[in-house]
There are 2 protein chains.
Amino acid sequence: MDRINRQIHLKSRPIGMPDRENFEWVESPIPEPGENELLLRTLYLSVDPYMRGRMSDRKSYVPPYPLHDVIAGGVVAEVVESKSPDFKKGDIVESDYGWQTHAVVAARKARKLNPDLAPVTTALGTLGMPGLTAYFGLLDIGRPREGETVVISGAAGAVGMTVGQIAKLKGTRVVGIAGSDRKVQYLKEELGFDDAINYKTTENMREALKKTCPDGIDIYFDNVGGPVSDAALSLINRGARIPLCGQIALYNLEKPDVGPRIQSFLLINSALMKGFIVTDYAERFPEAYRDLTTWYREGKLKTKETIVEGFDNTVDAFLGLFKGENLGKQLVKV
Amino acid sequence: MDRINRQIHLKSRPIGMPDRENFEWVESPIPEPGENELLLRTLYLSVDPYMRGRMSDRKSYVPPYPLHDVIAGGVVAEVVESKSPDFKKGDIVESDYGWQTHAVVAARKARKLNPDLAPVTTALGTLGMPGLTAYFGLLDIGRPREGETVVISGAAGAVGMTVGQIAKLKGTRVVGIAGSDRKVQYLKEELGFDDAINYKTTENMREALKKTCPDGIDIYFDNVGGPVSDAALSLINRGARIPLCGQIALYNLEKPDVGPRIQSFLLINSALMKGFIVTDYAERFPEAYRDLTTWYREGKLKTKETIVEGFDNTVDAFLGLFKGENLGKQLVKV
């Protein structure tokens, strides 16, 4: 067995768009598991937009990554050695030890996956953190009602496409906003979105949204922020709900993010806007896992992944998120 | 009896700050009440910031005022003639027929006041629409918890000063933002606010707020919008709530209202921002009237009015709202 653990550390804090220089590749011996610990070998690791926030040293909803340490994030791994009665060699688990090929973790930090229920990669996407994020943001903050109009930005990402499919299950009209014609086509043809807009080729987003949302917008599920959101917010209906899930358009901004103030739109419409992070709902995860898995197995919830091969390509896969390269969940196969 | 009804109509829609030219004074005969109607004589009438919105012909939470018709709003009136079994001559009522000296209204459009419970003018302030607005905005959206910090903009207005007093009843630290040293002094010395800031003489609002809110801001009750709100929103805590009640700083703006986008602050703090109008809570008015009246009679809720004498001064009293002339509820004694 390869006795070397390969890790990617944060070498310096990016200013604006990160590049490869902000990261360092580090090799170290694979540690031995102690009592109630597992030695894991990474099969798939997750790269996510929120990680950009943790690379900066400023207040956010999760603490900044320390410098010169491994970048934490979701993984799917195989148990190589178990010192816990709850796991055996060969079990497949989800954990959160991040960008490294191996790790020793406490058994309680691993969630055993059942490969017969769904492909194990879904534990990092539709049946994992992005799926839970979609579930609670849409159902708890958005509270869709039949016949309403739901607009989703970043709709072809792991969260956005799950939001759209759940919104369809709830009987709403669903319009996605995404950044390529291929994504737009996928949302409409494969996922059953009622309509989708390529914001990169649309000159006037407000007019385009107005045309495809003749009854206005009841829920705007926001993953991106910036001018796309300005357009959507100007079309909200009375009683609209706006779950704020992400602001990927801003994560690499070097200047202040300035735009039309939105309070007037919220005020005259008695509308609600709420930021959230999936861990706000930790106590309700079992309910969400149950519903998501049921919908998945009934074929009502499709999953889509973009998988890059090779641990060495992890940073490039991460940087690709900000160029809109991924359709669905971006993973690295280690 | 004076048989002439005097009214103030909207003559033209203001652009930017309204002036007297936007209004016309009209005289007409006093109508006769029909079955189940009352002839009322205005004692006090209300001028409110929200009226500015209704003078423009654009989407808002209430329909625009029609041109060449009386400007609707709250009044306290005396029954001159009653064709309803529920009212008798001399009763004092609250109604909403607006800027005129007399009116005939359906009996169901009048709410009988008990002058023994509280001065009748309170029906237009602390025990009326502004009081209800404060009550629901703070308690239903803000949901104050003991020990939290509540910041209120427009704190010396009818809504703001009621919000602050209820927030104190709930055991919070209360900081008001107002536009004169006299108002600041009043809030601190008469109403028991923990601190207050004169935004007109404060160079750096963010620093001033930071100093007086060492534990951050849990509730920002917003009556004003604009840069004052930008400063407050940059200091919110995790789980903060922001009831949006008004945006008086913007009502007369002729250019687009642009500022730092606030979504990031809401996102990283899982914070909630919600617009509302008091009529959203119409079904719960009885509960609020009961609580407000109880607090008032127990001396826990003080009321303050600025009363201008003479129907002819109505427009000037209204314009004065935007110059920050009023302390508490601005009324006109007819």
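User: How do you know that the span of helix α3 (residues 158-169) of chain B agrees with its number of residues?
Analyst: In this predicted model, the end C-alpha atoms of α3(B) are 17 Å apart. Twelve residues at 1.5 Å a residue should span 16 Å, so the two values agree. The expected span is 1.5 Å times one less than the number of residues.

User: What makes α3(B) mostly covered?
Analyst: A residue is buried if 20 or more other C-beta atoms lie within 10 Å of its own. Ten of the twelve residues of α3(B) are buried. Among them are Ala158(B), Met161(B), Gln165(B) and Ala167(B).

User: Which elements do the buried residues of α3(B) pack against?
Analyst: They pack against α2 (129-142), β8 (149-153), β9 (173-178), α4 (181-189), β11 (217-221) and β16 (329-333) of chain B. Just after α3(B), Gly171(B) has a positive phi of about 80°.

User: Why is Asp195(B) called partly exposed?
Analyst: Asp195(B) has 18 other C-beta atoms within 10 Å. Buried needs 20 or more and exposed needs 12 or fewer, so a value in between is called partly exposed. Asp195(B) lies in strand β10 (residues 195-198) of chain B.

User: What does Asp195(B) touch, not counting residues up to four places away in sequence?
Analyst: Asp195(B) touches Val175(B), Lys188(B) and Thr212(B). Leu40(B) is 155 residues from Asp195(B) in sequence and, C-alpha to C-alpha, 43 Å from Asp195(B) in space.

User: What rotation and shift superpose chain B on chain A?
Analyst: A rotation of 180° with 0.0 Å of shift along its axis does so, with an RMSD of 0.0 Å. That is the relation of a two-fold axis.

User: How do you know that the same surface serves both copies?
Analyst: Of the contact residues of chain B, 100% recur in chain A.

User: How many residues does the contact take from chain B and from chain A, and which elements of chain B give two or more?
Analyst: The contact takes 30 residues from chain B and 30 residues from chain A. On the side of chain B, β13 (258-260), α7 (263-268) and β14 (272-275) each give two or more residues. The largest share, five residues, comes from α7(B). By class, that side has 14 nonpolar, ten polar and six charged residues.

User: What makes β14 of chain A and β14(B) a strand pair?
Analyst: Two strands pair if DSSP finds at least two bridges between them. Three bridges join β14 (residues 272-275) of chain A to β14(B), so they pair. The two strands run antiparallel, and Lys274(A) stands opposite Leu272(B).

Terms used:
Residues numbered from 1 in each chain as written. Chains lettered and ligands numbered in written order. Predicted model: local features only at pLDDT ≥ 70, side-chain atom pairs only at ≥ 80, totals over all residues. Least-squares fit on C-alpha atoms with pLDDT ≥ 70 in both. Contact = placed C-beta atoms within 7 Å. Helix = DSSP H or I, 4+ residues; strand = E, 2+ residues; numbered from the N terminus. Nonpolar A, V, L, I, M, F, W, Y, C, P; charged D, E, K, R; others polar.
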